[in-house]
Amino acid sequence: MQGSFKYIFWIFCCSIIFSCRKNATDNGKKVFNINLDQGLTSMDPAFARNQNAIWMTNQIFNGLVQINDSLQTVPCIAKSWQVSEDAQTYTFNLRHDVYFHDDPIFKHGKGRKVTAKDFVYSFYRLIDPKVASSGGWIFSDKVKDAHSFIAINDSTFQIKLVKPFPPFMSLLTTQYCSVVPKEVVEHYGKDFRSHPVGTGPFRFKYWKEGEILVLLKNDHYFERDVKGMQLPYLDAVKATFITDKQSGFMSFLKKDLDFYYNVDGSYRDDILTKSGKMSAKYKGKFTLTKSPYLCTEYVGILVDTNLSIVKNSPLKIKKIRQAINYAIDRDKLIKYLRNGIGIAATSGFVPKGMPGFDSTKVHGYVYDQKKAARLLTEAGFPDGKGLPEITLNTTTTYKDLIEFIQGELTAIGIKVKIDVSPSSSLRELMAKNHVNFFRGSWLADYADGENFLSMFYSKNKVPNGPNYFAFYNKDFDRLFEQSYYEADNDKRFELYRKMDQMVMDFSPVVPLFYDQSVVMLQNNISGYAFNPLSLMILKRIKKG
């Protein structure tokens with residue numbers, strides 16, 4: 001009975017404090033209102049595997065390091081670090097002023113100071129089979145065991161790797177690598193997902209799944225702005241869970257939401273012109289910003305001729321794969337199917353926005369029907385004559401994009417049949433090398449080109465790795481392994497570009513476009529951080 005009363009009382013408080021945007025502002029409370037249309041599965045950073053979980057854990061937790069808007073790794077709880085000469089030992093010097101959020105589990109309910117032992121526990125938790133974290137890959141092939149994480153003293157933490165991994169500091173910026181308090185995690189068990197306690201700029205207050213989530217300002221947060229003012233500026237973050245994108249957008253138009261992410265096809269033409277500009281109807285009513293997003297949309301091709309599915313496919317011929325690459329007008333695709341959202345992927349598989357990306361040094365494929373036709377002729381199929389029909393596999397969501405590609409290939413004589421499957425079914429087929437020609441996308445887990453090129457490394461063959469193309473090339477593998485021992489970023493990026501060019505020349509993939517994120521904000525919002533990982537950072541948001 002008492003629990004029911006508390007619940008009703010809290011709903012009453014929420015309705016007064018948060019439900020009315022105007023009242024929240026009038027009361028001097030700065031509440032940032034967002035909508036999570038894809039729901040929220042967990043706020044435990046060990047399970048931060050999708051965007052909404054990443055967004056919310058990023059408000060509640062911190063790690064050793066973080067990324068800035070230029071995707072550089074900068075200090076967070078670790079104020080400095082050293083890397084050994086063999087690049088296998090990382091030593092972190094921790095701040096002394098970082099405390100966990102208050103929680104009844106702590107002594108007197110007050111959050112205690114973070115120490116190196118907390119990182120030992122948090123990082124081992126990712127590879128602990130009992131936890132079964134979706135972030136286990138972070139350390140699974142990089143450390144030997146639990147003893148690879150060492151608390152030298154309260155403020156010095158060390159990690160020992162089994163071999164060098166130059167993007168390691170970038171890897172540590174992921175939300176999986178957040179610090180959590182052992183006693184709180186063990187007390188709540190699996191319920192830690194809905195009772196998160198971290199060190200971040202906002203602390204958890206309330207979550208009714210599928211309806212509302214409330215985070216409040218952490219009054220003891222350790223970070224300050226350049227003027228020495230304590231972060232965050234906001235008093236609270238409130239999230240709703242309207243699943244219908246049209247309804248969510250209407251809430252934004254009514255100013256019930258301060259932020260809206262991406263433009264759904266159902267109302268894309270209403271907001272954007274075909275060239276990607278905001279339509280006159282909405283000019284001045286809110287801001288819309290397009291920015292690079294580390295995601296490459298592609299069509300993949302199986303190329304290992306030892307596979308029976310490849311032996312009988314014309315796609316085993318490199319010139320046909322290259323013809324397909326030349327036959328697609330990527331700019332037209334982006335203009336008419338996406339209202340200008342995206343950048344034609346003509347400079348390799350690694351997307352624009354990634355450190356080291358250089359469109360002048362990696363040459364992919366531009367639209368050239370004549371060249372595509374010539375390659376088909378050279379392959380022995382002039383105008384597609386004698387070429388068997390090819391099946392292109394996709395999901396319902398991307399059927400219009402694949403139909404566009406079907407039309408482009410038909411124009412040069414390549415007959416294409418479309419096979420539509422549920423997302424889970426197609427992923428399973430890709431993970432078994434059971435589809436010859438398939439639509440896919442690759443989204444960066446961390447800001448390093450290695451994350452994209454790893455898809456073409458021989459040792460990452462399916463089902464345990466992401467080499468869906470069955471691309472096995474000794475020269476590529478040699479460069480990929482060499483990059484692990486190259487600490488100089490510029491030299492490593494040069495190796496990445498050589499590998500990317502190898503992939504383009506052999507054509508096991510048809511890069512379509514590098515994605516862009518679209519962020520809409522009310523005019524009274526400032527300080528939103530735009531970064532190519534589309535990581536939501538709210539600690540510097542100001543609401544006027």
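Two strands are taken to pair if DSSP finds at least two bridges between them, and strands (E, at least two residues) and helices (H or I, at least four residues) are DSSP runs numbered from the N terminus. This is a predicted model, in which local features need pLDDT of at least 70, side-chain atom pairs count only at pLDDT 80 or more, and totals for chains, interfaces and linings use all residues. Residues are numbered from 1 along each chain as its sequence is written, and side-chain values use heavy atoms, with hydrogens and water left out.

**View A. The open four-stranded sheet with mixed pairing, in the order β1-β10-β9-β8.** The edge strands, β1 (31-35) and β8 (202-208), each pair on one side only. β1 runs parallel to strand β10 (residues 236-240), to which five bridges join it, and Asn-35 stands opposite Thr-240 in β10. Helix α3 (residues 51-60) packs on this sheet and touches β1, β8 and β9 (212-217), contact meaning heavy atoms within 4.5 Å. The direction of α3 makes about 25° with that of β9, where axes are lines fitted to C-alpha atoms, for helices over the stretch in contact, and angles run from 0 to 180 degrees between N-to-C directions.

**View B. The open four-stranded sheet with antiparallel pairing, in the order β4-β5-β7-β6.** Because β4 (78-83) and β6 (149-153) stand at the edges with a single partner strand each, one side of each is left without a neighbour in the sheet. Neighbouring strands of this sheet are turned by 20° against each other on average, direction ignored. β4 and strand β5 (residues 89-94) run antiparallel and are joined by five bridges, with Ser-80 opposite Asn-93 in β5. Helix α4 (residues 116-127) lies across β5, β6 and β7 (156-160), and runs at about 175° to β6.

View C. Ile-309 is partly exposed, with a relative accessible area of 29%; buried means under 20%, exposed over 50%, and partly exposed in between (1.4 Å probe, protein chains only). Leaving aside neighbours within four places in sequence, Ile-309 is in contact with Leu-302, Asn-433, His-434, Val-435 and Asn-436. Gly-407, by comparison, is 98 residues from Ile-309 in sequence and 24 Å away in space, C-alpha to C-alpha.
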